[in-house]
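This note is written for someone meeting the model for the first time, and it goes through the points in an order that can be followed with the structure open. Please keep the sequence beside you while reading.

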Amino acid sequence: MRSADAVVYKINSLEDTAVAGDGKITYRECALALAVTSPYNIPAGRPRYCLFDVAGAIIMQAPAPITIPKIYIAGQTSPGGIEFRLGANYDPVDSLIDTRGGGDHMILRYVRARLGEHPTRISNNGDSIRLNDTSHQIVDHVSAMFGTDESLNPNCRDCTIQWSIIGPNMCIGAGHTSSLHCKTFFINPANNITIAHNISQHGQFRGINLGLGIKPRVPGTYGQADVFNNVVYHFTDETGVISNQNGSAYVNYIANVAFRGPNDKPTNNFFAAFFSRDTVDPYGYNIFMSDNVTQRTRVQGFFGQTVSDPQRSAAGFPTAADETNTCGVNAQGTADCSVTGFGVIQSLAYAMVVGITSRQYEAWHITGPEQAMRDALAFAGADLCRDGLCRDNVDQMYIDDIRSCDSAPYLFENGFPSVVSQAGGYANITATGGALADSDNDGMPDSWESQFTNTNPNVWDANNDADGDGYPNIEEYLNFVARDYERYAGFIGSGTGRVPAFNCGRPMF
Ligand SMILES: [Ca+2]
Ligand SMILES: [Ca+2]
Ligand SMILES: [Ca+2]
Ligand SMILES: [Ca+2]
């Protein structure tokens with residue numbers, strides 16, 4: 001994030017209030033970049049770091065749209081963890097964490113955003129997290145659940161969604177205008193987006209629903225997404241969709257795992273489905289697909305399999321789509337209808353959007369699908385706090401549920417949930433300690449600053465970068481707390497533990 005005039009909010013209260021001189025520093029004050037005068041002065045309108053000296057639920061009572069750019073919400077600093085929820089006075093209902101027009105450059109790490117039902121406050125905007133027409137967004141190790149519109153709804157450019165747990169929604173009579181709205185992860189529109197190592201789970205539609213481009217759309221628009229090493233579990237109708245509603249779609253779909261759950265149906269349910277509405281959408285597709293394990297596809301050697309299964313196409317066309325109008329792309333990124341249908345898919349060359357001429361990742365970033373599932377089950381979600389690992393009861397229950405294929409506990413036995421209490425409840429968070437001594441209020445504890453010659457525990461030096469590596473001192477600290485030095489690259493390929501049998505033992509579609 002790095003900015004010479006950034007400020008540090010050391011959030012010391014779980015309340016959703018904003019009073020400059022009350023001695024409480026709140027999430028709302030940090031999100032909105034408001035002035036604080038006590039216990040120390042913070043000027044308004046600045047790039048900012050939101051650190052947490054408290055643990056527990058922040059119950060939002062009104063929208064807190066992030067419209068001032070540059071914010072690093074550092075859940076890893078909490079002694080026990082932070083969970084955002086919807087408050088009883090929040091009316092009309094909107095999202096919990098929300099960057100919108102202007103709120104560019106956000107890093108959001110290690111928090112839970114769990115909206116919950118609002119049956120008497122009808123709203124179409126009940127997203128746990130929404131990235132709303134913003135750029136340069138990182139969502140890392142977040143648990144985004146219990147939304148009534150979507151649990152995670154990115155509309156962004158140059159953004160990454162990784163190591164997060166997405167869904168389930170609150171689905172039936174939970175407050176959306178539709179009595180059944182169980183649409184979990186909707187990326188629309190987006191460009192230059194990476195979606196990796198996430199778990200998206202338990203819904204009807206929008207397991208991973210990609211609409212690339214821009215809105216309102218213009219001629220010649222296109223967008224790229226790299227979707228790899230994700231786990232998608234239990235979507236009844238729409239496990240994955242790639243649409244061309246907002247532009248031509250360049251997508252690399254690599255080594256993901258999509259399994260059947262207790263209630264699903266093969267009709268229209270593909271990973272991924274191509275959704276193209278005839279000539280309404282004059283855009284094309286360039287899709288690279290490789291090594292995905294889906295409800296219809298096995299990859300030889302994975303999930304204990306030593307021989308090839310009868311394999312069918314992972315991708316398909318829902319009945320509402322027009323296969324003959326699903327076209328390829330030309331060099332300018334517009335539709336080329338000399339190629340149609342499954343011809344838009346290939347497994348030989350990466351899909352690279354116009355202007356990109358070489359791949360921009362290292363091979364070790366991507367594992368095979370079985371290890372990808374093991375890694376996501378081991379590390380996804382808000383699993384780290386200041387004082388150590390802290391995966392909460394909710395994330396743990398859902399991880400156990402996938403590992404065991406619904407045997408313990410058997411979620412969604414009676415269909416999709418209406419209230420949080422049917423879906424595992426909220427987090428039980430216990431603080432593991434209080435604020436660490438930080439004499440100069442720059443967010444870096446005395447004990448940490450004292451270890452280094454480049455930081456001074458008695459001088460406010462959060463934005464300095466004496467070692468010249470591009471990361472200001474405060475980010476060196478935040479990344480230290482997140483243990484990026486051992487975890488960031490070390491996650492990939494190192495996950496252990498049980499993975500379920502192919503398709504959770506259910507027959508191939
Ligand atoms: Ca205050
Ligand atoms: Ca300090
Ligand atoms: Ca200092
Ligand atoms: Ca540095």
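1. Terms and numbering. Helices (H or I, at least four residues) and strands (E, at least two) are DSSP runs, numbered from the N terminus. Residues are numbered from 1 along each chain as its sequence is written, while chains are lettered from A and ligands numbered from 1 in the order in which they are written. This is a predicted model, in which local features need pLDDT of at least 70 and side-chain atom pairs count only at pLDDT 80 or more, whereas totals for chains, interfaces and linings use all residues.

2. Overall form. The protein has six helices and 27 strands. Its radius of gyration is 22 Å, close to the 23 Å that the globule rule gives for 509 residues, so the protein is as compact as a globular protein of that length; here the radius is taken over C-alpha atoms, and the rule is 2.2 Å times the number of residues to the power 0.38. Taken along the principal axes, the C-alpha atoms fill a box of roughly 65 × 50 × 45 Å.

3. Buried residues make up 54% of the 509 residues, where a residue is called buried if 20 or more other C-beta atoms, placed from the backbone, lie within 10 Å of its own, exposed if 12 or fewer do, and partly exposed in between. Two residues are in contact if their C-beta atoms, again placed from the backbone, lie within 7 Å. Among contacts between residues at least 6 apart in sequence, 70% join residues at least 24 apart.

4. The open sheet. Eight strands form an open sheet with parallel pairing, in the order β3-β5-β8-β10-β12-β14-β17-β20; two strands pair if DSSP finds at least two bridges between them. At the edges stand β3 (56–60) and β20, each with a single partner strand, so one side of each is left without a neighbour in the sheet. Within the sheet, β12 and β14 run parallel and are joined by two bridges, and I166 stands opposite S200 in β14. Helix α2 packs on this sheet, touching β14, β17 and β20, and its direction makes about 80° with that of β20. Such axes are lines fitted to C-alpha atoms, for helices over the stretch in contact, and the angles run from 0 to 180 degrees between N-to-C directions.

5. Helix α2. How many of the eleven residues of α2 are buried? Eight are, so this helix, residues 369–379, is largely enclosed by the rest of the structure. The buried ones include P369, R374, D375 and F379. Their cover includes β14 (199–203), β17 (231–235), β20 (257–259) and α3 (393–403). Just after the helix, G381 takes a positive phi of about 90°.

6. Strand β15. All five residues of β15 (residues 208–212) are buried, with I208, L210 and L212 on one side and N209 and G211 on the other. This strand runs parallel to β13, to which three bridges join it, and I187 stands opposite L210. It also pairs in the parallel sense with β18 (residues 240–243) over four bridges, where I208 stands opposite G240.

7. The nonpolar core. The largest nonpolar core has 145 residues, and those with the most contacts inside it are Y9, C50 and V251; such a core is a set of buried Ala, Val, Leu, Ile, Met, Phe, Trp, Tyr and Cys residues joined through C-beta atoms within 7 Å. Its largest share, six residues, comes from β13. Not counting residues up to four places away in sequence, V251 touches L210, A225, V227, I242, I287 and A351.

8. Backbone points to check. Most residues other than glycine have a negative phi, and most peptide bonds are trans. The peptide bond from D91 to P92 is cis, with omega near 0°, and P92 lies in the loop between β5 (82–86) and β6 (97–100). A cis peptide bond also joins G167 and P168, with omega about 10°, and P168 lies in the loop between β12 (165–166) and β13 (186–196). H141, although not a glycine, has a positive phi of about 55°; H141 is buried, with 25 other C-beta atoms within 10 Å. D291, also not a glycine, has a positive phi of about 65°, and D291 is found in the loop between β22 (285–290) and β23 (327–329).
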